[in-house]
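Open the structure in your viewer and keep the selection tool at hand. The stops below say what to select and what is there.

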Amino acid sequence: MLSVFKSIPTHMDYKGQKLAEQIFQGVILVSAVIGFIYGFTIQQFGWTVYIMLAGFTISCLLTLPPWPMYRKNPLNWQPALPETSGETRDKPQENQKKKKHK
Amino acid sequence: MNTVLSRANSLFAFSLSVMAALTFGCFITTAFKDRSVPVDIQVSKVMIKNVDDFTGPRERSDLGFVTFDISANLQPIFDWNVKELFLYLTAEYSTKSNALNQVVLWDKIVLRGENTKLNMKDVKSKYFFFDDGNGLRANKNITLTLSWNVVPNAGILPLVMGSGHKSLAFPETYETAKSY
């Protein structure tokens, strides 16, 4: 069952990771400030905790799954070299070495 | 931050740090408040007996019986950092053998959200008012005060004495063979 979870793609590119971190830090700080002011106004600390938990849930939904906005700057990998041209380059070098030994 | 677990770890740790900062903020806004309110205590019946005290070193000690009324408005003490109040009524006096005696006669827990106007009439003491010896008889000055322990959500637990006290005197003679 675990292999099903491991096969779901969850990667983000680097700019996406930075964006995700900024988003969740911003959401949690904003919900903390709102919660503190509301709790102080009605003099119940329980509401501060509830608003913080709501901010935590919102930022989980926004940043944990790999939304498309985090994949806008993919890395440009070089194209892979084909296998056959590598082998032919090795063979002429070996012939040259044998001639020098004689 | 490449995997879900690493992002979740970072998110959760940040939330906990912010939560700790909010709790500290809650403590700072209420740390220096004065939590004393005026208290009114009246005494309706005072009696004294001389009985065997099995917890003390001597044969017989004085046992006092006090019936009292307490009224106080505790609403100004409750704020967003107070979880409950532990009230206790103390009797303070001095005798020939001890300079200072303090005995707790009665206590009560008031939770946040319960009725905060305290108006109790004809309350008998919850705990025995034993003296360390025979110093209660004809003692002219026994002071009753109501104090409380403030239990906060975050911070220090102060012991606060209410303003207002009642002095009473015990009679000269013991009651004999009379049920309370």
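The tour goes from chain A to the interface and then through chain B.

This is a predicted model, in which local features need pLDDT of at least 70 and side-chain atom pairs count only at pLDDT 80 or more, while totals for chains, interfaces and linings use all residues. Residues are numbered from 1 along each chain as its sequence is written, chains are lettered from A and ligands numbered from 1 in the order in which they are written, and side-chain values use heavy atoms, with hydrogens and water left out.

**Stop 1: the annotated segments of chain A**

Select residues 23–41 and 47–64 of chain A, which an unreviewed UniProt entry labels "transmembrane region". UniProt positions are given here in the numbering of this model, feature names are shortened, and annotations may be inferred rather than shown by experiment. Residues 23–41 of chain A are 100% helix and 0% strand, with the end C-alpha atoms 27 Å apart. Residues 47–64 of chain A are 94% helix and 0% strand, and there the end C-alpha atoms are 25 Å apart. Helices (H or I, at least four residues) and strands (E, at least two) are DSSP runs, numbered from the N terminus.

Next, select A:Q43, in the loop between α2 (14–42) and α3 (45–63) of chain A. Its phi is positive, about 55°, although A:Q43 is not a glycine. Most residues other than glycine have a negative phi. A:Q43 counts as partly exposed because its relative accessibility is 28%; buried means under 20% relative accessible area, exposed over 50%, and partly exposed in between (1.4 Å probe, protein chains only).

**Stop 2: the interface**

Show both chains. How many residues does the contact take from chain B and from chain A? Chain B gives 22 residues and chain A 25 residues, where contact means heavy atoms within 4.5 Å. About 2100 Å² is buried between the two chains, 77% of it on carbon and sulfur atoms. In chain B, select B:R7, B:L11 and B:W80: these lose the most area to chain A, together 33% of what that side buries. Buried area is the accessible area (1.4 Å probe) that two parts lose on being put together, summed over both.

Between chain B and chain A there are zero salt bridges, a salt bridge being a side-chain nitrogen of Lys or Arg within 4 Å of a carboxyl oxygen of Asp or Glu. Four residue pairs are in polar contact between chain B and chain A, both residues at pLDDT 80 or more. A polar contact is a pair of N or O atoms within 3.5 Å; within protein, one must be able to donate a hydrogen and the other to accept it, and residues adjacent in sequence count only if both atoms are side-chain atoms.

**Stop 3**

Select B:T30, in helix α1 (residues 4–30) of chain B. B:T30 counts as buried because its relative accessibility is 5%. Its side chain makes a polar contact with the side chain of B:N81 (2.9 Å). Not counting residues up to four places away in sequence, B:T30 touches B:R35, B:D79, B:W80 and B:N81.

Now select B:D79. For B:R35 and B:D79, the closest N and O atoms are 3.4 Å apart. B:K33 is partly exposed at 36% relative accessible area, whereas B:R35 and B:D79 are buried.

**Stop 3: further along chain B**

Select B:E84 in strand β3. B:E84 is buried because its relative accessibility is 17%. Leaving aside neighbours within four places in sequence, its contacts include B:F78, B:R112 and B:N149.

Move to B:D122, in strand β5 (residues 117–124) of chain B. B:D122 has a positive phi near 55° and is a residue other than glycine. B:D122 is exposed, with a relative accessible area of 54%.

Last, select B:E172 and B:K140, whose side chains meet in a salt bridge (3.5 Å, N to O). Both B:E172 and B:K140 are exposed. A search over all chains finds six salt bridges in the whole structure.
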